[in-house]
Every structure is written in structure tokens, then in C-alpha cells.
Amino acid sequence: MTTDTLTPAPAPEVSAPVRHLQRRKGTNLAMTIVLSLAAALTVGVLLWVLGYVAAEGLKYLGPEFLTNTPPGNPADLGGGFLNGIIGSLEVVGIATALSVPPGIAAAVFIVEYGGRIASTVSFLTDVLVGLPTIVTGAFVYAVWVIRFGFSGIAGAIALALVMLPLVIRAAAEMLRLVPHELREASLALGVTRARTIVSVVLPTARSGIITGVMLAVARAMGETAPLLLTALGNDLFIEADPTHRMSTLSLQIFGNAITGFKAAQARAWAGALTLIAIVLLFTIAARLIGRTSRVGGR
Amino acid sequence: MPTPTEPGTSRPRAMASLPAMRQPAHRPAPAATVNAGGARLDIANLSAYYGARKAVQDVNLVVEPKQVTAMIGPSGCGKSTVLRCVNGMHQTIPGARAEGAIDLDGVNVLSDQVDPVRLRRRIGMVFQRPNPFPTMSIYDNVAAGLRLGHRGRRTPDLDAIVERALRQANLWHEVRDRLKAPGAGLSGGQQQRLCIARALAVQPEVLLMDEPCSALDPISTLAIEDLIFTLREQYTIVIVTHNMQQAARVSDVTAFLTVPAVGEPGRLVEVGPTSRLFSSPTQKATEDYITGKVG
Ligand SMILES: Nc1ncnc2c1ncn2[C@@H]1O[C@H](COP(=O)(O)OP(=O)(O)O)[C@@H](O)[C@H]1O
Ligand SMILES: [Mg+2]
């Protein structure tokens with residue numbers, strides 16, 4: 001072998017790359033335009049939805065809406081969704097308490113312990129994510145409501161079943177992102193596996209897990225179908241006892257929207273905007289909590 | 001933002017005002033530790049497997065206390081595997097197992113009777129890439145082994161232990177006024193010394209270092225090598241390196257491992273005093289490696 005191989009390539013081969021280069025530039029430009037349009041379209045649709053709900057909702061959303069129950073006759077003007085707001089916070093709160101601890105535990109089992117059972121759990125989780133929520137509601141109706149009646153608790157159980165696979169999947173994803181080196185560092189210090197998970201792995205994944213939980217909460221906030229069969233709804237008065245049938249924002253939006261009355265539809269839009277605002281507030285709060293929990297806020 | 005209510009994090013500040021009446025700079029605080037100069041390791045006929053695949057075979061190596069033993073050899077020859085067998089980290093990998101014996105003070109650490117958690121408190125480890133806990137402050141990183149370990153959070157004098165470990169790791173003067181800052185905010189070399197301090201805080205007898213400088217720049221490498229030199233007074237040190245100059249600089253004894261042929265398990269070829277091994281290796285494979293003909 002000599003330096004012969006390093007001599008420049010003959011002329012015809014030089015012109016070929018130039019043609020290639022121009023074509024590549026053209027493709028690049030075309031793709032850039034296509035992708036920008038797709039991105040603009042997506043963002044545009046989202047903004048349209050949000051803007052529409054905001055415009056319609058703001059027509060009625062106000063102190064009266066936030067401090068009253070709906071009028072007895074849905075055709076009447078006035079009234080509000082206070083009972084629904086209380087019901088949503090309560091039912092989703094209970095559902096969160098029911099689903100988050102076992103969800104995180106299952107994620108820890110899947111990621112940290114592995115094995116055949118863990119991959120089965122993981123597979124079942126993926127199946128459950130796709131389960132239509134009306135089916136979840138029917139299931140809770142069959143095994144709970146028939147025996148104990150409609151209640152906020154029954155609604156919370158149905159929502160917890162909706163949230164559980166979402167929490168498991170999000171938490172497992174975050175746990176997988178924790179570098180293996182950190183677990184090794186902890187084990188090598190003579191820390192037990194369990195303590196490593198509690199004190200090193202979970203804190204490292206914490207802000208990501210909180211974000212995942214918030215997505216599940218947001219999803220539960222908007223769920224209506226499973227609640228129709230469990231919490232049922234109650235538009236007459238404020239009900240804070242979860243062992244009784246309860247209203248939620250989503251149920252009231254649904255109930256008011258399907259009436260033909262202008263006044264009821266105005267309340268439904270205001271309710272929709274309230275729902276979005278609550279989810280937004282929770283998300284912001286979760287971000288703040290997730291951030292301040294980290295040393296130095298990196 | 002550090003949470004002010006967290007136990008222990010308010011103490012470092014009080015501690016930071018003390019050092020004036022302590023001893024002069026650069027001297028590691030005298031170790032009032034239980035280990036009088038580390039422990040002896042006797043590795044006999046060690047073979048290690050990953051599933052059905054044998055990674056190293058028949059390694060025999062005695063590691064003396066108060067000495068630095070270096071393991072050199074080409075990548076993939078099983079240096080890390082041998083090292084990780086010593087503190088039971090090898091066995092944490094699913095399907096991995098080891099045969100033979102590693103004697104530490106009359107106990108075979110490979111036996112089922114040995115609790116790996118206790119074992120690892122006697123044998124500290126430093127990894128190739130600095131891996132401080134990202135959610136913890138500098139102080140909490142050093143204290144982690146004690147806080148999270150058997151002794152729980154009731155360890156008295158945690159401040160003193162943290163300070164001593166940081167001094168031993170030559171890091172105290174760089175971090176004494178920011179103990180509450182995140183450990184991940186330090187430079188790579190500082191992070192690695194933080195990891196050394198974290199290992200030392202548990203007061204091990206043996207310190208295993210797996211290519212501790214391979215991710216660091218030359219200046220940081222020098223700092224770690226200086227540190228190894230002072231630590232050998234108190235600990236049994238085993239360092240894996242693929243940098244032969246480093247082995248020659250820091251170690252008293254060098255072991256050379258290699259893979260005899262592709263696909264075969266790694267073997268220990270030769271072990272001896274570092275100067276002898278580098279000046280007059282007895283094995284052809286060793287000579288080829290240190291003269292740069294292979295690897
Ligand atoms: N986790 C693992 N699973 C399977 N094989 C491994 C694993 N770690 C290392 N090995 C294999 O064991 C052999 C020795 O690896 P290692 O001890 O890391 O070598 P070194 O540290 O000398 O570079 C290599 O052939 C490597 O492929
Ligand atoms: Mg290695």
C-alpha cells in the first residue's frame with residue numbers, strides 16, 4: 001500500500017456529488033416546509049379549540065357561575081356549577097389517592113425488579129390504557145353500584161381505574177430514565193435495594209412522575225362516560241358526601257350541553273372553561289412542586 | 001432551592017465557621033477509624049460468568065493492604081468483572097455468577113452466607129464515570145452511605161464524618177462554603193473526588209476504583225492520582241486502568257490480564273511489583289502489551 005490511494009478522484013465523479021448536493025438541498029427545503037406546515041396546523045387547531053372555549057365560556061363565566069348550583073329548570077338563565085366543581089375536585093381527588101400509590105408501586109415493580117411477572121404486568125398495563133372508559137364505568141357499575149348504589153366513591157373507583165394504567169406507564173417511563181449508574185453507586189455504598197429505590201431512584205424520577213400523574217389527573221377531570229354509570233350526577237343541591245350520588249363538572253357540561261336551551265349551553269361553555277382552568281392550575285402547581293423539590297432547582 | 005427544613009442541611013453552615021481552629025490545610029484529618037490500614041484480599045481461582053458466557057477464568061491475585069494494586073489489560077479482558085466480584089456488584093446483574101474464592105479476613109465473600117450489603121460497607125467502589133446523586137447536595141452525597149445505610153439517620157457527628165471524608169478526598173477546600181449546593185454542579189474532576197469522599201465516608205477498608213480517571217482531563221487526573229497516593233496509607237486500593245503510565249505512577253503492584261484469543265474468557269497473565277513488571281515482564285503477552293504491540 002502506498003499513497004497512491006490518496007490521489008484525487010477523477011473529474012466525472014466530482015460532478016456527481018454536486019448534483020446530489022442540489023437535490024439534497026431541494027429535499028431539505030421541501031421537508032422543512034411540509035414539517036413547518038404540519039406543526040403550524042397542529043398548534044393552530046389547539047389554539048382554535050382553546051380560543052373558542054375561552055370566547056364562549058367567558059360570555060357567562062363569573063362570580064354567579066362559580067357560587068351557585070344550576071337552576072331547577074334548565075331553560076332558565078343564571079345559576080352555576082358550584083356543586084360540579086366541588087364534586088370534580090372530590091371525586092378526582094379520591095381517584096388520585098386510590099391510583100397513584102399502587103400505580104407508582106407497580107411501576108417500581110416493573111422497572112426495578114423485572115422478570116416474567118413484571119413484563120406481564122407491563123403488557124396488561126398497555127392493554128388497560130386502551131380500554132374504553134365506558135367499559136370501565138360499566139364494570140364498576142356491575143361490581144359496585146349494583147350492591148352499594150350510585151356514589152361519588154363509585155365514580156372515584158371508576159376514575160382510579162382509568163388513571164391507574166396511565167400512572168403506571170408514565171412512572172415506569174421516568175424510572176427507566178434514571179441512569180443505571182446511580183443505582184450501582186447506591187448499592188456499592190452498602191445501601192439496600194429497597195432503600196436505593198426510595199431514596200435515590202424515586203427522588204431522581206420525581207419531577208417526571210409528577211408530570212405523568214398530572215396528565216392522568218387532567219384526563220380524569222374530563223372523563224364523563226364512566227361517571228354516568230357510577231357517580232350519576234346531582235344537579236339539585238351541593239353534595240359533599242362522597243357516599244351519595246354526586247355531580248361533577250364533566251357531567252354538568254354534558255347534561256347542560258345536550259339540552260336545546262341557550263341558557264344551559266352558556267353554562268356548559270362556562271363549565272368547560274372552568275375545567276380547563278382547573279387542569280391548568282394543577283399542572284402549574286405540579287411543575288412548581290416538582291421544581292422546588294430538586295436540590296438547587298437544576 | 002434547598003429545603004431549609006431538611007435535617008442536616010443547616011449544620012454545614014455552622015461547621016464552615018469552625019475550620020480556623022482546626023488543623024492546617026491539605027492535611028487529611030487523622031482517621032480515627034476502625035480499619036488499621038485496610039484489609040488483605042486473596043482472590044483464588046476466580047471465574048466469572050454472564051449467563052452461560054465465561055468472562056474471566058482462574059484469576060489468582062493477592063491484594064495486600066497499604067498498597068495500590070493496579071489491574072491493566074486490553075478492553076474487555078475482564079478487569080471490571082474481577083473488581084465487581086470483590087464487592088458483590090457482579091452478582092447484582094441478572095444471570096451473572098462467580099466461582100472460586102475471594103478471601104477477606106478469613107471469609108469467602110463469594111459464599112451465600114455473606115450479606116452483600118454489609119460487604120459493600122467494608123469495600124467501597126468508585127466508578128468510571130462520576131455519578132453523584134443528582135437530587136442531593138454535596139453534603140448529602142457524602143452523607144448518603146451513612147444516612148441510607150444500616151446505621152440510619154442516627155449517625156452522631158455526621159458533620160465531622162462528612163468533613164473528614166471531603167478532606168481525605170482533597171475536596172474540602174473547594175466546597176466548604178457551598179456544601180448545600182448540588183453535587184452535580186461540580187466539575188467532572190470534583191465530582192469524581194466527591195464520589196471518592198462518598199465512598200470514604202462509610203469508612204471502608206478496601207477501595208475499588210474502576211478506571212476512575214478515564215472520563216477526566218489531565219489536571220483532574222493528576223489530582224486523583226495524588227489522592228490515591230495519600231489514601232494508600234489507610235486503605236487497600238485496587239485500581240483498574242487501561243492507562244499504563246497511570247498504573248506505573250500510582251501502583252505498587254500491577255496485575256496484567258488479557259484475552260488469550262477472541263471469544264475466550266479473560267485470564268490473569270502476570271502479576272508483580274509494578275517497576276519489575278514494566279521493566280522486565282516475564283511473559284511475552286505482557287511485554288507485547290506494555291510495549292504497545294497489542295491492545
Ligand atoms: N453486563 C454484562 N453482560 C454480559 N456480558 C458482559 C457484561 N459486562 C461485561 N461483559 C463481558 O465480559 C467481558 C469482560 O468485561 P469487563 O469486565 O467489562 O472488561 P474490562 O473492564 O476489562 O474492559 C467482556 O467480554 C464483556 O463483553
Ligand atoms: Mg471496565
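This is a predicted model: local features need pLDDT of at least 70, side-chain atom pairs count only at pLDDT 80 or more; totals for chains, interfaces and linings use all residues.
Two residues are said to be in contact when heavy atoms of theirs lie within 4.5 Å. B:Leu110 touches B:Leu46, B:Cys85, B:Gln91, B:Ala98, B:Glu99, B:Gly100, B:Ala101 and B:Ile102, leaving aside residues up to four places away in sequence. The leucine belongs to the loop between β5 (107–108) and α3 (116–122) of chain B. With a relative accessible area of 14%, B:Leu110 is buried, because the cut-off for that class is under 20%.

Of the 295 residues in chain B, 55% are buried. Among the contacts in chain B with a separation of 6 or more, 68% are between residues 24 or more positions apart.

Two packed helices are described by the angle between their axes and the distance between the axes. For helix α4 (residues 138–148) and helix α5 (residues 158–168) of chain B, the angle is about 115° and the axes are 10 Å apart. The crossing of α4(B) with α5(B) is right-handed. On the α4(B) side, the residues that meet the partner helix are B:Tyr139, B:Val142, B:Ala143, B:Leu146 and B:Arg147. On the α5(B) side they are B:Leu158, B:Asp159, B:Ile161, B:Val162, B:Ala165 and B:Leu166. Sorted by class, this contact has nine nonpolar residues, two charged ones and no polar ones.

B:Asn45 has a positive phi of about 50° although it is not a glycine, and it is found in strand β1 (residues 41–50) of chain B. B:Asn45 is partly exposed, with a relative accessible area of 45%. In strand β2 (residues 53–63) of chain B, B:Asp58 has a phi near 50°, again a positive value in a residue other than glycine. At 35% relative accessible area, B:Asp58 is partly exposed.

Chain B also shows charged ends placed over aromatic rings. The charged end of B:Arg97 sits over the ring of B:Tyr49, 4.0 Å from the ring centre. In a second case, the charged end of B:Arg198 lies over the ring of B:Phe133, 4.5 Å from its centre.

Rings can also pair with one another. A pair of aromatic rings is described by the distance of the centres and the angle of the planes. Over all chains, the structure holds six aromatic pairs. In one of them, the ring centres of A:Phe65 and A:Phe81 are 4.9 Å apart and the planes stand at 50°, so the pair is tilted. This pair links distant parts of the chain: A:Phe65 is in helix α2 (residues 63–67) of chain A, A:Phe81 is in the loop between α2 and α3 (82–113) of chain A, and the two are 16 residues apart. Both are buried: A:Phe65 has 0% relative accessibility, and A:Phe81 has a relative accessible area of 0%. A second tilted pair is formed by A:Tyr141 and A:Phe150, with 6.0 Å from centre to centre and 45° between the planes. Here A:Tyr141 is partly exposed at 33%, and A:Phe150 is partly exposed at 32%. As for clusters, A:Tyr60, A:Phe65 and A:Phe81 form one aromatic cluster.

A:Thr274 touches A:Leu61, A:Phe65, A:Leu66, A:Ile85 and A:Leu249, not counting residues up to four places away in sequence. A:Thr274 lies in helix α11 (residues 262–292) of chain A and, at 7% relative accessibility, counts as buried.

The last stop is another helix of chain A. Helix α7 (residues 180–188) is mostly covered, with seven of its nine residues buried. Those buried residues are A:Leu182, A:Arg183, A:Glu184, A:Ala185, A:Ser186, A:Leu187 and A:Ala188. After α7(A) comes A:Gly190, whose phi is positive, near 85°.

Technical notes: Residues are numbered from 1 along each chain as its sequence is written. Chains are lettered from A and ligands numbered from 1 in the order in which they are written. Side-chain values use heavy atoms; hydrogens and water are left out. Rings of Phe, Tyr and Trp (its six-membered ring) pair if their centres lie within 6.5 Å; planes under 30 degrees apart count as stacked, over 60 as edge-to-face and the rest as tilted. Helices (H or I, at least four residues) and strands (E, at least two) are DSSP runs, numbered from the N terminus. Buried means under 20% relative accessible area, exposed over 50%, partly exposed in between (1.4 Å probe, protein chains only). A charge sits over a ring if NZ of Lys or CZ of Arg is within 6 Å of the ring centre and within 35 degrees of the ring normal. Axes are lines fitted to C-alpha atoms, for helices over the stretch in contact, and angles run from 0 to 180 degrees between N-to-C directions. A crossing is left-handed if the near helix is turned anticlockwise from the far one by less than a right angle, and right-handed if clockwise. Ala, Val, Leu, Ile, Met, Phe, Trp, Tyr, Cys and Pro count as nonpolar, Asp, Glu, Lys and Arg as charged, and the others, Gly among them, as polar.
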